[in-house]
Amino acid sequence: MSTDLWEHRPGAHPAADPSLVGYEVRAVDGPLGRVEQDTGDHLLVDAAPWVPGTRVPVPAGLIARVDHLERSVHLDCPRAHLRTAPPAAER
């Protein structure tokens, strides 16, 4: 079995890291909020700065990069793309 150490295994994602709780989440058009929970396949983001009282599920596949020095998660989509996401309670 050949494994490329520079690629993630199928089903794995670098965002599956419990240290992401508290990180700022930034979409391509600005800040979204802070990570409340990291489930491995999605982040639950407190989007109060953007939409008060809202918790937004962010699929791990939308994460472009994680900057541990700045404690931030960068998405590869605009915030409006996440408006159509189902509420966290429906996941």
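# Close-up views of a predicted model

**Figure 1. Overview of the fold and its charged pairs.** The structure holds four salt bridges. A salt bridge here is a side-chain nitrogen of Lys or Arg within 4 Å of a carboxyl oxygen of Asp or Glu. This is a predicted model, in which local features need pLDDT of at least 70 and side-chain atom pairs count only at pLDDT 80 or more, while totals for chains, interfaces and linings use all residues. Residues are numbered from 1 along each chain as its sequence is written, and side-chain values use heavy atoms, with hydrogens and water left out. The protein has one helix and six strands, in the order β-β-β-β-β-β-α from the N terminus. Helices (H or I, at least four residues) and strands (E, at least two) are DSSP runs, numbered from the N terminus. Of the 91 residues in the protein, 33% are buried. Buried means under 20% relative accessible area, exposed means over 50%, and partly exposed lies in between (1.4 Å probe, protein chains only).

**Figure 2. Strand β1 and its two partners.** Strand β1 covers residues 24–27. Val 25 and Ala 27 form its covered face, and Glu 24 and Arg 26 its uncovered one. In a regular strand the side chains alternate between the two faces of the sheet. Two strands pair if DSSP finds at least two bridges between them. Strand β1 pairs with β2 (residues 30–38) in the antiparallel sense, over four bridges. A hairpin of two residues joins β1 to β2, and Arg 26 has Pro 31 as its bridge partner in β2. Strand β1 also runs parallel to β6 (residues 72–75), with three bridges between them. On that side, Glu 24 has Ser 72 as its bridge partner.

Figure 3. Pro 78 is placed in the loop between β6 and α1 (79–82). Its relative accessibility is 35%, so Pro 78 counts as partly exposed. Which residues is Pro 78 in contact with, leaving aside its neighbours within four places in sequence? They are Ala 27, Val 28 and Asp 29, where contact means heavy atoms within 4.5 Å. Pro 78 and Ala 27 are 51 residues apart in sequence, and their C-alpha atoms are 5.2 Å apart in space.

**Figure 4. The salt bridge between Asp 29 and Arg 79.** The side chains of Asp 29 and Arg 79 meet in a salt bridge at 3.5 Å, N to O. Asp 29 lies in the loop between β1 and β2 and Arg 79 in helix α1, so the pair ties together parts that are 50 residues apart in sequence. Asp 29 is partly exposed, with a relative accessible area of 40%.

**Figure 5. The salt bridge between Arg 55 and Glu 36.** Side chains of opposite charge can pair when their charged atoms come close. Arg 55 and Glu 36 meet through their side chains in a salt bridge of 2.8 Å, N to O. The pair links distant parts of the chain, with Arg 55 in strand β4 (residues 55–59) and Glu 36 in strand β2, 19 residues apart. Arg 55 is partly exposed at a relative accessible area of 43%, and Glu 36 is partly exposed at 36% relative accessibility.

**Figure 6. The salt bridge between Arg 65 and Asp 67.** In this salt bridge, the closest N and O atoms of Arg 65 and Asp 67 are 3.9 Å apart.
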